[in-house]
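Trainee: I have just opened this entry for the first time. Could you walk me through it?

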Amino acid sequence: MLKGEILAAIYSWGCQRDKELKTSEIFKKFIASNGKKFRYEAREALPKLKPTCYYGTIAKLLKISNPYTTKVIEAYWLGYKWTSQKNSALNHNFTVLNNMPKIKPSEIPTLIKYGIEDCMISFGEVKEIKKEGSLVKKIVVEVQPLEFKDKISFGEKVRIEINWYPKLLPNLKINDWISIHWRTARQILDSSKKKSLLESTLRALEFINTQTN
């Protein structure tokens, strides 16, 4: 149970709801201590976050009694190969895209485009780890940003600088693939997890593009 709770905190830490609840420090210390500190406070805060209702629904579909298992948490944040489009909506990137303005993508204001990309879970390959900083470091990651034209799609690869907190995500190294949320490295992805995230994002884009054209 604890491993899933930590993963839920890793992805939710720094999001809008986390800022509203003022739980960032709780989650940071909970994650950094591997659940040994602020466990009670984290367990009090996690159910108040928006993804919680999705965890419960996903757990029922997967016939898992505990909604805070790793499989459930990753199904929401990284995606899961559901057999129906309805269940495909139980995914963070789908939720973000479905809440954007129902207008042509090219007409969406620039600030909202940035907000959509930052809120979505993206992925990239670590190309450089900068030396400065101790609590937080900067890393350079190669990603495929979204393009907002007649449709929303992946663009050409670019390199961007994001935050990496070594205490929250130890053992990171060059050439690792990682998930990114609010320009912060969240989880090291193996090929299976990367594939799940890519496929769930493509399904979400396919659906959303039919709604805005």
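**Cavities, pocket and aromatic pairs**

Mentor: With 3 residues, helix 10 gives the most to the lining of the second largest cavity. Please keep in mind that this is a predicted model.

Trainee: What is the volume of the second largest cavity?

Mentor: The second largest cavity has a volume of about 50 Å³. Its lining includes A75, G79, Y80, W82, S88, F94 and R203. Helix 7 and helix 10 (191-211) are the elements that give two or more residues to that lining.

Trainee: How does the lining of the second largest cavity divide by class?

Mentor: The lining of the second largest cavity has 6 nonpolar, 5 polar and 1 charged residues.

Trainee: Let us take S88. Where does S88 lie?

Mentor: S88 lies in helix 7, which covers residues 85-88.

Trainee: Is S88 buried or exposed?

Mentor: S88 counts as buried, because its relative accessibility is 9% and the cut-off for buried is under 20%.

Trainee: Which residues is S88 in contact with, leaving aside its neighbours within four places in sequence?

Mentor: On that basis S88 is in contact with W82, F94 and R203. W82, F94 and R203 also belong to the lining of the second largest cavity, as does S88.

Trainee: What sort of aromatic pair do Y80 and W82 form?

Mentor: Y80 and W82 form a tilted pair, at 4.6 Å centre to centre and with 50° between the planes. Y80 counts as partly exposed because its relative accessibility is 29%, whereas W82 is buried with a relative accessible area of 13%.

Trainee: How many aromatic pairs does the structure hold?

Mentor: The structure holds 9 aromatic pairs. One of them joins Y55 and Y76 in an edge-to-face arrangement, with 5.8 Å centre to centre and 85° between the planes. This pair links distant parts of the chain, since Y55 is in helix 5 (residues 52-61) and Y76 in helix 6, 21 residues apart.

Trainee: Are Y55 and Y76 buried or exposed?

Mentor: Both Y55 and Y76 are buried. Y55 and Y76 also belong to one aromatic cluster, together with Y11, Y54, Y68 and W77.

Trainee: Y11 is a new name to me. Which residues of helix 1 are buried?

Mentor: Y11 is among the buried residues of helix 1, and the others are G4, E5, I6, L7, A8, A9, I10 and S12. Helix 1 (residues 2-12) is largely enclosed by the rest of the structure, because 9 of its 11 residues are buried. Just after helix 1, G14 takes a positive phi of about 90°.

Trainee: Back to the cavities. How many of 30 Å³ or more does the structure hold?

Mentor: There are 2 cavities of 30 Å³ or more.

Trainee: Which residues line the largest cavity?

Mentor: The largest cavity is lined by I10, W13, Y165, L168, L169, T184, A185 and R186. By class, that lining divides into 6 nonpolar, 1 polar and 1 charged. Strand 7 provides the largest share, 3 residues.

Trainee: How many residues of strand 7 are buried?

Mentor: Strand 7 (residues 184-189) is mostly covered, with 5 of its 6 residues buried.

Trainee: In what sense do strand 6 and strand 7 pair?

Mentor: Strand 6 (residues 177-181) pairs with strand 7 in the antiparallel sense, over 5 bridges. S179, for instance, has Q187 in strand 7 as its bridge partner. The two strands form a hairpin with 2 residues between them, and W182 in the turn has a positive phi of about 50°.

Trainee: Which helix gives the most to the lining of the largest pocket?

Mentor: Helix 9 gives the most, with 4 residues. As for class, the lining of the largest pocket has 13 nonpolar, 7 polar and 2 charged residues.

Key
Residues are numbered from 1 along each chain as its sequence is written. This is a predicted model: local features need pLDDT of at least 70, side-chain atom pairs count only at pLDDT 80 or more; totals for chains, interfaces and linings use all residues. Side-chain values use heavy atoms; hydrogens and water are left out. Buried means under 20% relative accessible area, exposed over 50%, partly exposed in between (1.4 Å probe, protein chains only). Contact means heavy atoms within 4.5 Å. Ala, Val, Leu, Ile, Met, Phe, Trp, Tyr, Cys and Pro count as nonpolar, Asp, Glu, Lys and Arg as charged, and the others, Gly among them, as polar. Two strands pair if DSSP finds at least two bridges between them. Rings of Phe, Tyr and Trp (its six-membered ring) pair if their centres lie within 6.5 Å; planes under 30 degrees apart count as stacked, over 60 as edge-to-face and the rest as tilted. On a 1 Å grid over the protein atoms alone, a cavity is a set of points where a 1.4 Å probe fits but cannot get out, and a pocket is an open set with protein on both sides within 12 Å along at least five of seven lines; lining residues have an atom within 4 Å of a point. Grid points are joined across faces, edges and corners, and a volume is the space filled by probe spheres set on the points.
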